[in-house]
Amino acid sequence: MTVKHSMFRPRYRVLVVAALVAWFAISSFGDATSLHAAAGPHRTLFQASISELDGLDPAVGQDAGSKTVHMAIYEPLVAYKIGTSEVEPRLATSWSVSKDGRAYTFKLRQGVKFQGGGAFDANAVKVSFDRVKKLGLGASYLLSEYDRAVVVNALTVTIYLKRPLAAFIRMVPGIFIVNPGRVKEHAADLGKAWFAANADGTGPYRLEKWDRGSQAITLVRFDGYWQGWQGSHFDRVIKKVIAEPSTQVLMLKAGDADFIQRYTLDSLTELAKDPNIQVKWYSTINAFVLVLANNRKPLSDVRVRQALAYAFPYDKLIDVVYEGHADRLVGPLPSSMPYFDKTLKPYTRDLVKAKQLLATAGYPNGGFTLQLKVVEGIETMITAAQLMQAAAKEIGITINIQQVQWPSLVALFQDPKTTPDIFPLFQFPAFADPDAIFSVNYDRKAQRTGGYNGGYFGTAESDSLIARARAATSDQERARLYAQLQRMILEDSVNIFLASPQWSFVARKAVKGFNYTPALADQFPYYQMYWDER
Amino acid sequence: MRSGSISFSSRYTLRRILTAVLVLVGMSLITFVLVNVIPADPIKYAAGPNATAEIVANMRREWGMDRPLPEQYVRYVIRLVHGDLGVSIMSRRAVLDDLRDYFPATLELAIVAFLLTLLIGVSLGLFSAARGGGTDTIVPLAGVFGGAIPIFWLGIMLQLVFYLRLGWLPAGGRLGQDQVDALRVITGSMLLDAILQRQWSILFDALKHLILPAVALSLGPIAIIARIARASAREIFGQDFVRTAQAKGLSSRRVLWVHVLKPASIPILTTLGSQFGYMLSGSFLVETIFQWPGIGRYTILAITAVDFPAIMGATLLVSVTFLTVNFLVDMLYVWVDPRIKY
């Protein structure tokens, strides 16, 4: 065997030396400083994002990632004022509403140019609104009451609705104005194919590159932008999908990412200690509920639903799952939503009351079993399900938990027969108006394929309240109707109202100009953001 | 039959091709049935909560999912024959374009990881078998450890050390962002594209991006191959013809590489083939940790979104890959052992 030794040893050494040399050669190519944050002025904003765009076309893609990009490239007539639920003029300079609430007249801004050439005018508004309506995809839900747009003159346009819709002005920020020239060039499909891969709007940034392979989208400043570039802004924005939370955190620490979107709560505690990093919490208009099957025994009995609501440990959920970073959800509306009724009293844990309610409903010791379906892999939902299971056990109700994929759950709750007895649901209203919660989750039209009313709640009275509040033109009237609706849904214990999770902005400390805008959940106003190391 | 030449009867080749076609038809049918028996609604899922019934109906029509299932399958197969894999619900573009974007990334990573496995795994195994004694206990032991390290943990540790602490290597992706913009896509392999365009800094950047994922991907297979190679070489070492060769006074190197390696290589080849097949179907974990935009991640995302066209396309691609690798391995058998005939 000694013969064999001699043959390997020198060769082995050569290999080791070669490997070491190669290692140093390669590693010396990128020393720590050049690999991480580059020196010089910080002109590029790097966003480590969650998911690939749903669609570049603002009439199609409706996820937060797509909308962030739409917001950079395109502009609406009116937009949410950053940090508030108020709308302010953008491409329109002012607007007025007719007495019957059906006609919205917008005066338009002069001197606004499209990135691909051509001036913005009333025709661009008409073409863009018509296009969204005709395509009938993504954003078209915002135009369900849209009748037509009439060009009054080059800088005035009137939008007519089929029925009055009070929330309409808060929906207009979701309709982006595209270059009508492009729609004309690609008239056959209304530019559907073209706008899926290209972009042409009036916004501060234009599309430089969308690299699907590396899941990165690069935007560069549009020099002709009407608001100009005098202040502090980023010249370039890169939004790149980084799927793994730990990688996002590492990149933020190293300074390769300016802000990140995916992290665990544990990592935030550690990040908050880093002097170069900011972690800021904001209250949202999002609601986290347990949907109950109101259409089927035993949950069709309001007393059984209330019993569950009295059994749930709300404080534990907020402490354990959210480490305090959630607000208690009192009723169907989060407290940051306009028209939230401050006089409502939330359900609190009271097992004695829960047992009494069960007894009056004819279940003195519980004794029945409920099926709970929860989306696989979403920890907050799973923990909430487990808390519900443990609480129900204390009042004699057995809950079986089954984890399913989200598309499967969606299929199940589209059928009143297969909808689970209980399922956790996040409600993300698409605009800052109660209608975005009620129409999607509590209206009978939102049952089956229509929306997310998977608990099959709804009476003629509740539908009528939703419709009247939708159409009412006076603020007082809307407040009154929404108060009535909130009280009804809460007293009826339609769902179990758990929490309104807070949202965190996790960024390098020098990233300034961000403020959370409730209606723009998970969206980022690139143009308002800037770099300041002081 | 002469040693070293590869020859197949044409009947055999024909049989292989026919089997492959049957396997693919079977795969497509099974996948189609499976994704359709799951009670899930990808269209409603993709449409989101705000979509009205009308929007959902429009989208269902757009993807042809308003048709009866048998009709959907027949339409799918007809399109498939024309090289059309349909449109992905997730990405809203042709599945073929998606696969064309994602597969080269997996292919490049798989080839590099495979070469690492081949070189390190086989050398370690043979080295261990040849040396015997104390050294020979190291490989099996290291093999057990190497095979037992969770790939996820390994990946994160590699990032922590080489990216965050030392700053030597990037955390993930295939190229630095500025380099991505500078490189024109020709083959889809960053290494090849960089060489073709004589972009040497990009080549180094691509290499740097490849190291960590390739190491994470190949560690398990290296451990397996080293153990197989060792076991198989030890068996050969004990045989008479090796002793004869040694007695003839041939150099140990020649004995090892000529007389031992070839007969020992059938089990090694079999395992290498299946490992390469798995690498080519994309490792979801490695691709996720290192932002590697490959087919594994694409498939998992497609599955969670119940994106029928994408799942079908990815499954077919993986099937074709496995069939091809198996065929290559079978060809190599003949080359290694001329007694094998097809």
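Hi everyone, and thanks for coming. Before anything else, please keep in mind that this is a predicted model.

Let me start with chain B. What is its secondary structure made of? It comes to 15 helices and zero strands. If you draw a box around the C-alpha atoms of chain B along the principal axes, you get roughly 85 × 60 × 40 Å. The chain has 342 residues, and 42% of them are buried. Now look at contacts in chain B between residues at least 6 apart in sequence: 71% of those join residues at least 24 apart.

One pair of helices in chain B deserves a look. Find helix α5 of chain B, residues 95-131, and helix α10 of chain B, residues 200-237. Their axes come within 6 Å and cross at roughly 35°. Is that crossing left-handed or right-handed? For α5(B) and α10(B), the answer is right-handed. And what kinds of residues make up the contact between α5(B) and α10(B)? There are 21 nonpolar ones, along with five polar and three charged.

Let's turn to chain A, where we do find a sheet. Four strands of chain A form an open sheet, and as you step across, the order is β4-β5-β7-β6, with antiparallel pairing. In general, strands of a sheet pair through backbone hydrogen bonds, in either a parallel or an antiparallel way. Which strands sit at the edges here? They are β4 (92-97) and β6 (146-153) of chain A, each pairing on one side only. From one strand to the next, the twist averages 20°.

Inside that sheet, strand β5 of chain A, residues 103-108, runs antiparallel to strand β7 of chain A, residues 156-161, and five bridges link them. If you want one to find on screen, take Phe106(A): its bridge partner in β7(A) is Val157(A). There is also a helix packed on the sheet, namely α4 of chain A, residues 122-135. Helix α4 touches β5, β6 and β7 of chain A, and its direction makes about 170° with that of β6(A).

Finally, how do the two chains meet?

How values were computed:
Residues numbered from 1 in each chain as written. Chains lettered and ligands numbered in written order. Predicted model: local features only at pLDDT ≥ 70, side-chain atom pairs only at ≥ 80, totals over all residues. Axes fitted to C-alpha atoms, helices over the stretch in contact; angles between N-to-C directions. Helix = DSSP H or I, 4+ residues; strand = E, 2+ residues; numbered from the N terminus. Left-handed = near helix turned anticlockwise from the far one by under 90°. Nonpolar A, V, L, I, M, F, W, Y, C, P; charged D, E, K, R; others polar. Buried ≥ 20, exposed ≤ 12 C-beta atoms within 10 Å, placed from the backbone. Contact = placed C-beta atoms within 7 Å. Pairing = 2+ DSSP bridges.
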